[in-house]
Amino acid sequence: MRRKLVVGNWKMHGSLGRNRELLEAIKPALQGLEGRVEVAVCPSYLHLADTIAALAGSHVGIGAQDLFGLGEGAMTGEVSASMLADAGVGFVIVGHSERRGRLGETDARAADKFAAAREAGLVPILCVGETRSERNAGETETVVLRQLDAVIDNQGIAAMDKAVLAYEPVWAIGSGDPATPQQAQAVHALLRERLKQRGGDIADGIRILHGGSVNAANAGELFAQPDIDGGLVGGASLKAREFITICASAGS
Ligand code: PGA
């Protein structure tokens, strides 16, 4: 039985004051869900330390939104996996479509980041997903399997153990146009099947989150699908009430 996981991706939003308000609003309610659903939030690098302090003593995990994938040292402006682990971060998002699409992050770069995260003891959340034009061209399977295979080819299937996968159709992110539960389930099942084909005993245990316009109204039906193990939530994770409802529907 896979325990559901809901991760709030705050993206480039927030301020020290607004984050504290949000955390104060969600912390008690999430405390009540302890043991039923795992929850984590991913603030910007700049806000990690303050978020870690604000969540001290709670079961809510902390994730970073990115990391540098090629070691550490002289690399101006970057943050290494070991720095994140040392600061108390547990998860890190890898290969988010905003980085792939707008910052030119390749499959190979995502594989490097995945490896660096694991080496430092972080749990990578590997994002895969097709654009609208790829879906319209019938390329959804090819794209998401290529993105997954790039990491397995580089790291081996055993590296997926303890990692988290997130299927986020790019066209659904921030658009208010989520995948239907059936569309989402079909791709989640395909990804799990690929993990099995690649020899993974871990395929049944790995959590595959869903992302892209997940909100309080649609989370329940999405999370009820057999291969959807929770959500990677952007916009709705910035609204206390919405995020609490989404987490509660994962824990019901
Ligand atoms: P959204 O973003 O929930 O705002 O669509 C999800 C994500 O990009 O992780």
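Me: How many nonpolar, polar and charged residues does the shell around the ligand have?

Reply: Ala, Val, Leu, Ile, Met, Phe, Trp, Tyr, Cys and Pro count as nonpolar, Asp, Glu, Lys and Arg as charged, and the others, Gly among them, as polar. Here the shell around the ligand holds 4 nonpolar, 7 polar and 2 charged residues. This is a predicted model, in which local features need pLDDT of at least 70 and side-chain atom pairs count only at pLDDT 80 or more, whereas totals for chains, interfaces and linings use all residues. Residues are numbered from 1 along each chain as its sequence is written, and side-chain values use heavy atoms, with hydrogens and water left out.

Me: Which residues are the closest to the ligand?

Reply: A residue is near a molecule if one of its heavy atoms lies within 4 Å of it. The ligand is surrounded by 13 residues, and the closest are K11, H96, E168, G174 and S213.

Me: How much of the accessible area of the ligand does the protein cover?

Reply: Accessible areas come from the Shrake-Rupley method with a 1.4 Å probe. On its own the ligand has 280 Å² of accessible area, and the protein covers 94% of this.

Me: Which pocket is the space taken by the ligand?

Reply: On a 1 Å grid over the protein atoms alone, a pocket is an open set of points where a 1.4 Å probe fits, with protein on both sides within 12 Å along at least five of seven lines; lining residues have an atom within 4 Å of a point. A molecule sits in a pocket if more than half of its atoms lie within 2 Å of its grid points. The ligand takes the space of the second largest pocket, whose volume is about 260 Å³. Of its 19 lining residues, G174, S213, G234, G235 and A236 are the closest to its centre.

Technical notes
Grid points are joined across faces, edges and corners, and a volume is the space filled by probe spheres set on the points.
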